[in-house]
Amino acid sequence: MPGVPSGRGCDNCRKSKKKCDEVKPVCTRCARRGIECIGAGEKRYKFMEEGPATIAKRRSPKRHVVAPTKDSKDLVRSATFAPNPMTKAQLLGQGLVAAITPQTSLRYNLMWAYGGYLMLVPRRLGLNDALDTAIDALISTHQTYASCKEVTATSLTKYSNALGALRRCLSNPATASSSETLCAVSVLLVVQHLLGPAELKWTGHAEGAARILKARKSCAPRDAFERILLLSLRGPVLFEGLFNPNIDLSQEEWKELVVNELDSMAPEGMALRYLAEMRDILHRCRTNPDGLAGLIILQAEMKSLYTKTRTIVNLFGVELAEIESSKPGQAPNPLGLPPTWLHAHIQRLYGLCIIIALYMNYALVAMKTDDPELVTDANYLAIEMINIAENALQYRPFGGSYVTMGLVAALMVTDDPKLQALLKGWLEDYREDFDMPYLDTDQVTHSFSRLDPFRDDSPGEVHLNTEQTLYGNSSSSVRVKEEDSPRIIEIPG
(Lines give C-alpha, C1' and ligand atoms only; values in the text may rest on other atoms or scores of the structure.)
Protein backbone atom coordinates (compact mmCIF):
# COMPACT_ATOMS: atom_id res chain seq x y z
CA MET A 1 0.00 0.00 0.00
CA PRO A 2 2.37 2.73 -1.16
CA GLY A 3 1.65 6.40 -0.46
CA VAL A 4 0.51 8.73 -3.21
CA PRO A 5 0.38 12.57 -2.98
CA SER A 6 -2.66 14.07 -1.30
CA GLY A 7 -3.77 17.70 -0.79
CA ARG A 8 -1.51 20.44 0.61
CA GLY A 9 -4.12 22.51 2.44
CA CYS A 10 -3.67 23.40 6.11
CA ASP A 11 -5.12 21.20 8.84
CA ASN A 12 -7.96 23.58 9.69
CA CYS A 13 -9.16 23.90 6.09
CA ARG A 14 -8.92 20.13 5.59
CA LYS A 15 -11.00 19.47 8.70
CA SER A 16 -13.60 22.00 7.58
CA LYS A 17 -13.47 20.62 4.01
CA LYS A 18 -12.72 24.09 2.65
CA LYS A 19 -10.34 24.97 -0.15
CA CYS A 20 -7.08 26.36 1.28
CA ASP A 21 -5.11 28.97 -0.69
CA GLU A 22 -1.91 27.62 0.95
CA VAL A 23 -0.54 31.16 1.53
CA LYS A 24 2.46 31.08 3.83
CA PRO A 25 2.97 31.51 6.75
CA VAL A 26 -0.79 31.83 7.41
CA CYS A 27 -3.51 31.01 4.88
CA THR A 28 -6.18 33.64 4.25
CA ARG A 29 -8.95 31.66 5.95
CA CYS A 30 -6.96 31.09 9.15
CA ALA A 31 -5.82 34.72 9.20
CA ARG A 32 -9.41 35.88 8.89
CA ARG A 33 -10.50 33.60 11.74
CA GLY A 34 -7.48 34.52 13.90
CA ILE A 35 -6.38 30.92 14.48
CA GLU A 36 -3.03 29.18 14.17
CA CYS A 37 -2.34 27.84 10.68
CA ILE A 38 -0.60 24.45 10.63
CA GLY A 39 0.41 22.32 7.69
CA ALA A 40 -0.22 24.71 4.80
CA GLY A 41 1.76 23.64 1.73
CA GLU A 42 3.05 20.41 3.30
CA LYS A 43 3.08 17.31 1.11
CA ARG A 44 0.88 14.57 2.52
CA TYR A 45 0.31 10.98 1.38
CA LYS A 46 -2.64 8.66 1.39
CA PHE A 47 -2.40 4.90 0.94
CA MET A 48 -3.89 3.00 -2.01
CA GLU A 49 -4.44 -0.74 -2.48
CA GLU A 50 -1.95 -2.36 -4.85
CA GLY A 51 -3.06 -4.54 -7.71
CA PRO A 52 -1.35 -7.80 -8.77
CA ALA A 53 0.43 -6.13 -11.68
CA THR A 54 1.91 -3.45 -9.43
CA ILE A 55 3.13 -6.01 -6.91
CA ALA A 56 4.70 -8.18 -9.61
CA LYS A 57 6.47 -5.23 -11.16
CA ARG A 58 7.86 -4.14 -7.80
CA ARG A 59 9.11 -7.64 -7.02
CA SER A 60 10.68 -8.34 -10.41
CA PRO A 61 14.51 -8.22 -10.42
CA LYS A 62 15.89 -5.15 -12.19
CA ARG A 63 19.56 -6.00 -12.20
CA HIS A 64 21.95 -8.78 -11.32
CA VAL A 65 23.21 -8.44 -7.75
CA VAL A 66 26.68 -9.76 -6.99
CA ALA A 67 27.33 -10.94 -3.44
CA PRO A 68 29.96 -8.75 -1.84
CA THR A 69 33.34 -10.23 -0.99
CA LYS A 70 35.16 -9.70 2.27
CA ASP A 71 37.37 -7.02 0.67
CA SER A 72 34.40 -5.17 -0.81
CA LYS A 73 32.70 -5.14 2.59
CA ASP A 74 35.72 -3.43 4.11
CA LEU A 75 35.81 -0.95 1.22
CA VAL A 76 32.14 -0.04 1.67
CA ARG A 77 32.58 0.21 5.43
CA SER A 78 35.54 2.59 5.07
CA ALA A 79 33.74 4.79 2.50
CA THR A 80 30.53 5.08 4.46
CA PHE A 81 30.15 8.24 6.58
CA ALA A 82 27.32 10.11 8.20
CA PRO A 83 26.20 13.28 6.41
CA ASN A 84 27.44 16.49 7.97
CA PRO A 85 24.75 18.02 10.20
CA MET A 86 23.60 21.51 9.27
CA THR A 87 25.32 24.28 11.18
CA LYS A 88 23.41 26.79 13.27
CA ALA A 89 24.13 29.48 10.67
CA GLN A 90 22.64 27.30 7.90
CA LEU A 91 19.52 26.62 9.98
CA LEU A 92 19.10 30.35 10.65
CA GLY A 93 19.56 31.05 6.96
CA GLN A 94 16.84 28.57 6.05
CA GLY A 95 14.46 30.10 8.58
CA LEU A 96 15.10 33.60 7.24
CA VAL A 97 14.68 32.56 3.61
CA ALA A 98 11.27 31.08 4.46
CA ALA A 99 10.16 34.51 5.74
CA ILE A 100 11.40 36.52 2.76
CA THR A 101 10.68 34.25 -0.22
CA PRO A 102 8.40 35.81 -2.85
CA GLN A 103 5.93 33.01 -2.19
CA THR A 104 5.30 34.47 1.28
CA SER A 105 2.27 36.77 1.28
CA LEU A 106 2.82 40.53 1.36
CA ARG A 107 0.90 40.53 4.60
CA TYR A 108 3.79 38.77 6.36
CA ASN A 109 6.77 39.14 3.99
CA LEU A 110 9.74 40.54 5.93
CA MET A 111 11.76 41.47 2.86
CA TRP A 112 8.99 43.50 1.26
CA ALA A 113 8.09 45.31 4.47
CA TYR A 114 11.53 45.92 5.96
CA GLY A 115 14.10 45.87 3.18
CA GLY A 116 15.80 43.89 0.43
CA TYR A 117 19.04 43.73 2.43
CA LEU A 118 17.56 40.70 4.21
CA MET A 119 18.18 38.67 1.02
CA LEU A 120 21.94 39.18 1.52
CA VAL A 121 21.98 38.31 5.22
CA PRO A 122 22.09 34.46 4.99
CA ARG A 123 25.57 34.50 3.45
CA ARG A 124 26.81 36.67 6.34
CA LEU A 125 25.56 34.44 9.13
CA GLY A 126 28.15 32.67 11.27
CA LEU A 127 30.52 35.67 11.21
CA ASN A 128 29.04 37.93 13.88
CA ASP A 129 27.29 36.82 17.07
CA ALA A 130 25.15 39.96 17.22
CA LEU A 131 23.77 39.35 13.73
CA ASP A 132 23.20 35.62 14.33
CA THR A 133 21.25 36.16 17.56
CA ALA A 134 19.31 39.05 16.02
CA ILE A 135 18.21 36.85 13.11
CA ASP A 136 17.29 34.09 15.57
CA ALA A 137 15.10 36.57 17.46
CA LEU A 138 13.57 37.82 14.21
CA ILE A 139 12.66 34.32 12.99
CA SER A 140 11.09 33.38 16.32
CA THR A 141 9.14 36.64 16.64
CA HIS A 142 7.96 36.49 13.01
CA GLN A 143 6.75 32.91 13.32
CA THR A 144 4.70 33.57 16.45
CA TYR A 145 3.37 36.87 15.09
CA ALA A 146 2.34 35.32 11.76
CA SER A 147 0.58 32.48 13.59
CA CYS A 148 -1.67 35.02 15.32
CA LYS A 149 -0.13 34.32 18.71
CA GLU A 150 0.68 36.66 21.55
CA VAL A 151 4.29 37.63 22.23
CA THR A 152 5.90 34.55 23.74
CA ALA A 153 8.52 34.12 26.43
CA THR A 154 10.76 32.49 23.82
CA SER A 155 10.64 35.56 21.57
CA LEU A 156 11.39 37.90 24.47
CA THR A 157 14.22 35.69 25.67
CA LYS A 158 15.81 35.57 22.22
CA TYR A 159 15.44 39.34 21.90
CA SER A 160 17.18 39.72 25.26
CA ASN A 161 19.96 37.36 24.12
CA ALA A 162 20.36 39.40 20.94
CA LEU A 163 20.74 42.60 22.95
CA GLY A 164 23.40 40.92 25.08
CA ALA A 165 25.30 39.78 21.98
CA LEU A 166 25.02 43.27 20.49
CA ARG A 167 26.35 44.75 23.72
CA ARG A 168 29.40 42.49 23.51
CA CYS A 169 30.00 43.39 19.85
CA LEU A 170 29.76 47.10 20.62
CA SER A 171 32.33 46.62 23.40
CA ASN A 172 34.80 45.11 20.94
CA PRO A 173 36.54 47.71 18.71
CA ALA A 174 37.02 45.07 16.02
CA THR A 175 33.27 44.50 15.60
CA ALA A 176 31.64 47.69 16.95
CA SER A 177 31.39 49.39 13.57
CA SER A 178 31.29 46.38 11.25
CA SER A 179 28.64 45.93 8.58
CA GLU A 180 27.25 42.89 10.40
CA THR A 181 26.84 44.80 13.68
CA LEU A 182 25.06 47.63 11.88
CA CYS A 183 22.84 45.04 10.20
CA ALA A 184 22.09 43.49 13.61
CA VAL A 185 20.84 46.88 14.81
CA SER A 186 18.57 47.14 11.79
CA VAL A 187 17.20 43.62 12.40
CA LEU A 188 16.52 44.40 16.07
CA LEU A 189 14.61 47.47 14.96
CA VAL A 190 12.28 45.12 13.09
CA VAL A 191 12.03 42.72 16.04
CA GLN A 192 11.04 45.49 18.42
CA HIS A 193 8.46 46.73 15.93
CA LEU A 194 6.87 43.27 15.95
CA LEU A 195 7.06 42.97 19.72
CA GLY A 196 5.51 46.41 20.16
CA PRO A 197 6.91 49.66 21.57
CA ALA A 198 7.26 50.21 25.28
CA GLU A 199 4.92 53.02 26.31
CA LEU A 200 5.46 54.84 22.99
CA LYS A 201 9.10 55.56 23.95
CA TRP A 202 11.89 55.69 21.41
CA THR A 203 13.00 52.28 20.23
CA GLY A 204 16.63 53.27 20.65
CA HIS A 205 17.84 51.13 17.74
CA ALA A 206 17.51 53.89 15.14
CA GLU A 207 19.49 56.11 17.48
CA GLY A 208 22.00 53.30 17.96
CA ALA A 209 22.47 52.99 14.20
CA ALA A 210 23.13 56.73 13.99
CA ARG A 211 25.72 56.48 16.80
CA ILE A 212 27.52 53.60 15.07
CA LEU A 213 27.68 55.53 11.80
CA LYS A 214 28.88 58.68 13.57
CA ALA A 215 31.49 56.75 15.56
CA ARG A 216 33.16 55.45 12.42
CA LYS A 217 33.47 59.03 11.08
CA SER A 218 31.27 58.43 8.05
CA CYS A 219 27.59 57.79 7.44
CA ALA A 220 28.22 56.74 3.84
CA PRO A 221 28.02 53.05 2.83
CA ARG A 222 31.37 51.28 2.65
CA ASP A 223 30.38 48.47 0.28
CA ALA A 224 27.50 47.14 -1.82
CA PHE A 225 25.91 45.37 1.15
CA GLU A 226 25.86 48.52 3.27
CA ARG A 227 24.47 50.48 0.34
CA ILE A 228 21.42 48.21 0.25
CA LEU A 229 21.25 48.10 4.06
CA LEU A 230 21.24 51.89 4.41
CA LEU A 231 18.59 52.12 1.71
CA SER A 232 16.23 50.60 4.30
CA LEU A 233 17.80 51.90 7.52
CA ARG A 234 18.01 55.59 6.59
CA GLY A 235 14.21 56.00 6.72
CA PRO A 236 13.77 55.00 10.39
CA VAL A 237 16.84 57.03 11.40
CA LEU A 238 15.66 60.10 9.49
CA PHE A 239 12.03 59.99 10.64
CA GLU A 240 13.01 59.41 14.26
CA GLY A 241 15.72 62.04 13.98
CA LEU A 242 13.06 64.72 13.49
CA PHE A 243 11.68 64.05 16.97
CA ASN A 244 14.55 62.49 18.93
CA PRO A 245 17.15 65.10 19.95
CA ASN A 246 19.63 62.32 20.79
CA ILE A 247 20.12 61.66 17.06
CA ASP A 248 22.56 64.46 16.42
CA LEU A 249 24.06 64.24 12.94
CA SER A 250 25.52 67.17 11.06
CA GLN A 251 23.98 68.22 7.77
CA GLU A 252 26.89 66.65 5.91
CA GLU A 253 26.37 63.38 7.80
CA TRP A 254 22.65 63.44 7.00
CA LYS A 255 23.53 63.90 3.34
CA GLU A 256 25.94 60.94 3.43
CA LEU A 257 23.25 58.79 5.03
CA VAL A 258 20.29 59.81 2.87
CA VAL A 259 21.82 60.21 -0.59
CA ASN A 260 22.10 56.67 -1.96
CA GLU A 261 23.25 56.03 -5.51
CA LEU A 262 20.66 53.27 -5.84
CA ASP A 263 17.82 55.83 -5.85
CA SER A 264 19.48 59.25 -5.77
CA MET A 265 17.54 60.41 -8.84
CA ALA A 266 14.33 58.53 -8.05
CA PRO A 267 11.38 60.57 -6.68
CA GLU A 268 11.37 58.70 -3.36
CA GLY A 269 15.09 59.34 -2.92
CA MET A 270 14.58 63.05 -3.58
CA ALA A 271 11.73 63.19 -1.04
CA LEU A 272 13.98 61.77 1.70
CA ARG A 273 16.66 64.29 0.78
CA TYR A 274 14.15 67.13 1.17
CA LEU A 275 13.16 65.73 4.58
CA ALA A 276 16.81 65.81 5.68
CA GLU A 277 17.09 69.41 4.51
CA MET A 278 13.94 70.26 6.48
CA ARG A 279 15.70 69.22 9.68
CA ASP A 280 18.53 71.67 8.95
CA ILE A 281 16.09 74.52 8.25
CA LEU A 282 14.34 73.94 11.59
CA HIS A 283 17.69 73.98 13.37
CA ARG A 284 18.69 77.25 11.72
CA CYS A 285 15.28 78.71 12.54
CA ARG A 286 15.78 77.94 16.24
CA THR A 287 19.15 79.69 16.23
CA ASN A 288 18.20 82.45 13.79
CA PRO A 289 20.27 85.59 14.61
CA ASP A 290 18.73 87.79 11.90
CA GLY A 291 15.25 88.29 13.30
CA LEU A 292 12.34 88.75 10.90
CA ALA A 293 14.54 89.02 7.80
CA GLY A 294 16.18 85.69 8.57
CA LEU A 295 12.82 84.08 9.31
CA ILE A 296 11.39 85.16 5.95
CA ILE A 297 14.35 83.57 4.15
CA LEU A 298 13.90 80.32 6.11
CA GLN A 299 10.15 80.32 5.40
CA ALA A 300 10.92 80.61 1.69
CA GLU A 301 13.39 77.70 1.87
CA MET A 302 10.86 75.50 3.65
CA LYS A 303 8.10 76.47 1.22
CA SER A 304 10.38 75.53 -1.69
CA LEU A 305 10.97 72.08 -0.16
CA TYR A 306 7.23 71.68 0.43
CA THR A 307 6.40 72.61 -3.17
CA LYS A 308 8.91 70.11 -4.56
CA THR A 309 7.65 67.40 -2.21
CA ARG A 310 4.04 68.07 -3.22
CA THR A 311 5.08 67.60 -6.84
CA ILE A 312 6.41 64.15 -5.97
CA VAL A 313 3.21 63.37 -4.05
CA ASN A 314 1.14 64.27 -7.11
CA LEU A 315 3.41 62.15 -9.30
CA PHE A 316 2.85 59.03 -7.20
CA GLY A 317 -0.85 59.86 -6.85
CA VAL A 318 -1.30 59.83 -10.62
CA GLU A 319 0.72 56.61 -10.96
CA LEU A 320 -1.32 54.89 -8.25
CA ALA A 321 -4.61 55.99 -9.83
CA GLU A 322 -3.44 54.64 -13.20
CA ILE A 323 -2.59 51.26 -11.65
CA GLU A 324 -5.91 51.04 -9.83
CA SER A 325 -7.89 51.92 -12.96
CA SER A 326 -5.98 49.60 -15.30
CA LYS A 327 -6.57 45.95 -15.91
CA PRO A 328 -3.96 43.58 -14.41
CA GLY A 329 -0.79 43.62 -16.48
CA GLN A 330 -1.66 46.77 -18.45
CA ALA A 331 -0.21 49.41 -16.08
CA PRO A 332 3.40 50.57 -16.66
CA ASN A 333 5.68 48.26 -14.72
CA PRO A 334 9.39 49.06 -15.27
CA LEU A 335 10.32 47.09 -12.13
CA GLY A 336 8.71 43.93 -13.47
CA LEU A 337 6.76 43.30 -10.26
CA PRO A 338 3.64 41.12 -10.04
CA PRO A 339 0.47 43.28 -10.22
CA THR A 340 -0.26 43.01 -6.49
CA TRP A 341 3.31 43.87 -5.52
CA LEU A 342 3.34 46.80 -7.95
CA HIS A 343 0.16 48.27 -6.47
CA ALA A 344 1.39 47.83 -2.89
CA HIS A 345 4.79 49.33 -3.78
CA ILE A 346 3.45 52.50 -5.39
CA GLN A 347 0.79 52.84 -2.70
CA ARG A 348 3.49 52.75 -0.02
CA LEU A 349 5.68 55.29 -1.81
CA TYR A 350 2.65 57.55 -2.18
CA GLY A 351 1.86 57.22 1.53
CA LEU A 352 5.43 57.88 2.68
CA CYS A 353 5.68 61.01 0.51
CA ILE A 354 2.36 62.23 1.92
CA ILE A 355 3.81 61.80 5.42
CA ILE A 356 6.83 63.93 4.50
CA ALA A 357 4.53 66.60 3.02
CA LEU A 358 2.40 66.57 6.19
CA TYR A 359 5.51 67.13 8.34
CA MET A 360 6.52 70.08 6.19
CA ASN A 361 3.00 71.49 6.27
CA TYR A 362 3.04 71.34 10.08
CA ALA A 363 6.45 73.04 10.22
CA LEU A 364 5.41 75.82 7.82
CA VAL A 365 2.40 76.67 9.97
CA ALA A 366 4.59 76.58 13.09
CA MET A 367 7.04 78.96 11.39
CA LYS A 368 4.20 81.53 11.05
CA THR A 369 4.10 81.21 7.27
CA ASP A 370 1.32 83.38 5.83
CA ASP A 371 -0.30 81.00 3.34
CA PRO A 372 -4.01 80.15 3.74
CA GLU A 373 -3.66 77.32 1.20
CA LEU A 374 -1.68 75.31 3.75
CA VAL A 375 -4.86 74.50 5.68
CA THR A 376 -6.72 73.41 2.54
CA ASP A 377 -3.80 71.31 1.41
CA ALA A 378 -3.45 69.70 4.84
CA ASN A 379 -7.09 68.58 4.71
CA TYR A 380 -6.58 67.18 1.21
CA LEU A 381 -3.53 65.19 2.29
CA ALA A 382 -5.42 63.92 5.35
CA ILE A 383 -8.23 62.65 3.11
CA GLU A 384 -5.70 60.93 0.85
CA MET A 385 -4.18 59.25 3.90
CA ILE A 386 -7.60 57.94 4.88
CA ASN A 387 -8.07 56.58 1.35
CA ILE A 388 -4.72 54.80 1.60
CA ALA A 389 -5.72 53.34 4.97
CA GLU A 390 -8.87 51.92 3.38
CA ASN A 391 -7.14 50.53 0.29
CA ALA A 392 -4.19 49.08 2.24
CA LEU A 393 -6.44 46.80 4.31
CA GLN A 394 -5.62 43.90 1.98
CA TYR A 395 -1.89 44.21 2.80
CA ARG A 396 -2.13 44.39 6.58
CA PRO A 397 -0.32 43.96 8.83
CA PHE A 398 3.19 44.24 7.31
CA GLY A 399 2.12 45.80 4.04
CA GLY A 400 0.28 48.60 5.85
CA SER A 401 2.72 49.20 8.70
CA TYR A 402 3.48 52.74 7.47
CA VAL A 403 -0.18 53.79 7.55
CA THR A 404 -0.27 54.43 11.31
CA MET A 405 2.50 57.02 11.03
CA GLY A 406 0.61 58.77 8.23
CA LEU A 407 -2.66 58.83 10.16
CA VAL A 408 -0.91 60.39 13.17
CA ALA A 409 0.70 63.06 10.97
CA ALA A 410 -2.65 63.83 9.31
CA LEU A 411 -4.31 64.13 12.71
CA MET A 412 -1.72 66.70 13.75
CA VAL A 413 -2.17 69.02 10.75
CA THR A 414 -5.93 69.04 10.19
CA ASP A 415 -8.35 71.12 12.24
CA ASP A 416 -11.51 69.73 10.64
CA PRO A 417 -13.52 67.92 13.38
CA LYS A 418 -15.03 65.40 10.95
CA LEU A 419 -11.64 64.52 9.50
CA GLN A 420 -10.17 64.22 12.98
CA ALA A 421 -12.91 61.79 13.98
CA LEU A 422 -12.28 59.65 10.88
CA LEU A 423 -8.52 59.68 11.46
CA LYS A 424 -8.92 58.62 15.09
CA GLY A 425 -11.21 55.78 14.04
CA TRP A 426 -8.72 54.46 11.51
CA LEU A 427 -5.90 54.86 14.04
CA GLU A 428 -7.77 52.75 16.56
CA ASP A 429 -8.12 50.06 13.90
CA TYR A 430 -4.55 50.09 12.57
CA ARG A 431 -2.82 50.27 15.94
CA GLU A 432 -4.14 46.78 16.69
CA ASP A 433 -1.84 45.29 14.02
CA PHE A 434 1.11 45.74 16.35
CA ASP A 435 1.19 45.82 20.12
CA MET A 436 0.74 49.57 20.36
CA PRO A 437 -0.65 51.14 23.54
CA TYR A 438 -3.67 53.40 23.47
CA LEU A 439 -3.03 56.54 21.46
CA ASP A 440 -2.33 59.40 23.86
CA THR A 441 -3.18 62.54 21.87
CA ASP A 442 -1.40 64.82 24.35
CA GLN A 443 1.79 62.78 24.09
CA VAL A 444 1.66 62.74 20.28
CA THR A 445 1.01 66.49 20.24
CA HIS A 446 4.00 67.02 22.50
CA SER A 447 6.21 64.93 20.20
CA PHE A 448 5.05 66.83 17.12
CA SER A 449 5.80 70.12 18.83
CA ARG A 450 9.47 69.33 18.15
CA LEU A 451 8.73 70.40 14.58
CA ASP A 452 7.92 73.86 15.98
CA PRO A 453 11.14 75.90 16.10
CA PHE A 454 9.53 78.39 18.49
CA ARG A 455 8.32 75.91 21.10
CA ASP A 456 9.28 76.58 24.69
CA ASP A 457 11.05 73.57 26.18
CA SER A 458 10.87 73.10 29.91
CA PRO A 459 14.26 73.65 31.58
CA GLY A 460 16.29 70.50 31.75
CA GLU A 461 13.85 68.42 29.69
CA VAL A 462 15.52 65.32 28.37
CA HIS A 463 13.81 62.70 26.20
CA LEU A 464 15.27 59.36 27.24
CA ASN A 465 15.11 56.29 25.06
CA THR A 466 14.64 52.71 26.12
CA GLU A 467 17.99 51.44 24.80
CA GLN A 468 20.11 54.33 26.00
CA THR A 469 22.20 52.09 28.27
CA LEU A 470 23.05 49.88 25.29
CA TYR A 471 24.34 52.52 22.92
CA GLY A 472 25.52 55.17 25.39
CA ASN A 473 25.07 58.93 25.25
CA SER A 474 28.22 60.08 23.52
CA SER A 475 27.76 61.47 20.04
CA SER A 476 31.31 60.64 19.03
CA SER A 477 31.56 57.03 20.19
CA VAL A 478 29.44 54.04 21.03
CA ARG A 479 29.67 53.49 24.77
CA VAL A 480 28.27 50.49 26.57
CA LYS A 481 27.14 50.27 30.19
CA GLU A 482 26.50 47.13 32.17
CA GLU A 483 22.84 47.80 33.02
CA ASP A 484 20.21 45.86 31.13
CA SER A 485 17.72 47.68 28.96
CA PRO A 486 14.44 48.43 30.79
CA ARG A 487 12.61 47.01 27.73
CA ILE A 488 13.77 43.51 28.67
CA ILE A 489 11.73 41.71 31.26
CA GLU A 490 12.71 38.74 33.40
CA ILE A 491 11.43 35.43 32.07
CA PRO A 492 10.60 32.93 34.83
CA GLY A 493 12.77 29.87 34.37
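Predicted model: local features only at pLDDT ≥ 70, side-chain atom pairs only at ≥ 80, totals over all residues.
Residues are numbered from 1 along each chain as its sequence is written, and side-chain values rest on heavy atoms, with hydrogens and water left out.

**Chain and confidence**

The protein chain contains 20 helices and 2 strands, these being DSSP runs numbered from the N terminus (H or I over at least four residues for helices, E over at least two for strands). Of its 493 residues, 48% count as buried. Among contacts in the chain with a separation of 6 or more, 74% join residues 24 or more positions apart, where contact means heavy atoms within 4.5 Å.

The mean pLDDT, the predictor's confidence in each residue on a scale from 0 to 100, is 80 for the protein chain, and 79% of the residues reach 70 or more. Confidence is lowest in helix α4 (residues 70-79), with a mean of 45, and highest in α16, with a mean of 96. Over residues 54-66 the pLDDT stays under 50, and the model gives this stretch 2 contacts beyond four places in sequence. The pLDDT is also below 50 over residues 458-468, yet that stretch has 27 contacts in the model beyond near neighbours in sequence.

Two packed helices are described by the angle between their axes and the distance between the axes. The axes are lines fitted to C-alpha atoms, for helices over the stretch in contact, and the angles run from 0 to 180 degrees between N-to-C directions.

Helix α7 (residues 129-146) packs with helix α9 (residues 179-195) at an angle of about 20 degrees, their axes being 9 Å apart. The two helices α7 and α9 are therefore roughly parallel to each other, since angles under 35 degrees fall in that class, those over 145 count as roughly antiparallel, 65 to 115 as roughly perpendicular and the rest as oblique. By class, the contact divides into 15 nonpolar, 2 polar and 1 charged residues; Ala, Val, Leu, Ile, Met, Phe, Trp, Tyr, Cys and Pro count as nonpolar, Asp, Glu, Lys and Arg as charged, and the others, Gly among them, as polar.

Helix α12 (residues 251-258) and helix α13 (residues 267-286) pack at about 165 degrees, with 10 Å between their axes. This angle makes α12 roughly antiparallel to α13, and α12 passes α13 in a right-handed crossing. The contact is formed by Q251, W254 and V258 of α12 together with L272, R273, A276, E277, R279 and D280 of α13, which gives 4 nonpolar, 1 polar and 4 charged residues.

Helix α16 (residues 373-391) and helix α17 (residues 403-413) meet at an angle of about 155 degrees, with their axes 9 Å apart. This angle makes α16 roughly antiparallel to α17, and the crossing is left-handed. On the α16 side the contact involves A378, A382, M385, I388 and A389, and on the α17 side V403, G406, L407, A410 and V413; these comprise 9 nonpolar, 1 polar and no charged residues.

**Individual residues**

Q347, in helix α15 (residues 339-366), counts as buried because its relative accessibility is 1%. Beyond residues up to four places away in sequence, Q347 touches L320, I388, N391, A392, Y395 and Y402.

I297 belongs to helix α14 (residues 291-325), and A98 to helix α5 (residues 88-100). A98 counts as exposed because its relative accessibility is 52%. D415 lies in the loop between α17 and α18 (417-430) and is exposed, with a relative accessible area of 52%. Apart from neighbours within four places in sequence, D415 is in contact with V375, N379 and Q420.

| Residue pair | Separation in sequence | C-alpha to C-alpha distance |
|---|---|---|
| A98 and I139 | 41 residues | 9.2 Å |
| I297 and C285 | 12 residues | 9.7 Å |
| D415 and V375 | 40 residues | 8.2 Å |

Terms used. Left-handed = near helix turned anticlockwise from the far one by under 90°. Buried < 20%, exposed > 50% of the residue type's maximum accessible area, 1.4 Å probe, protein only.
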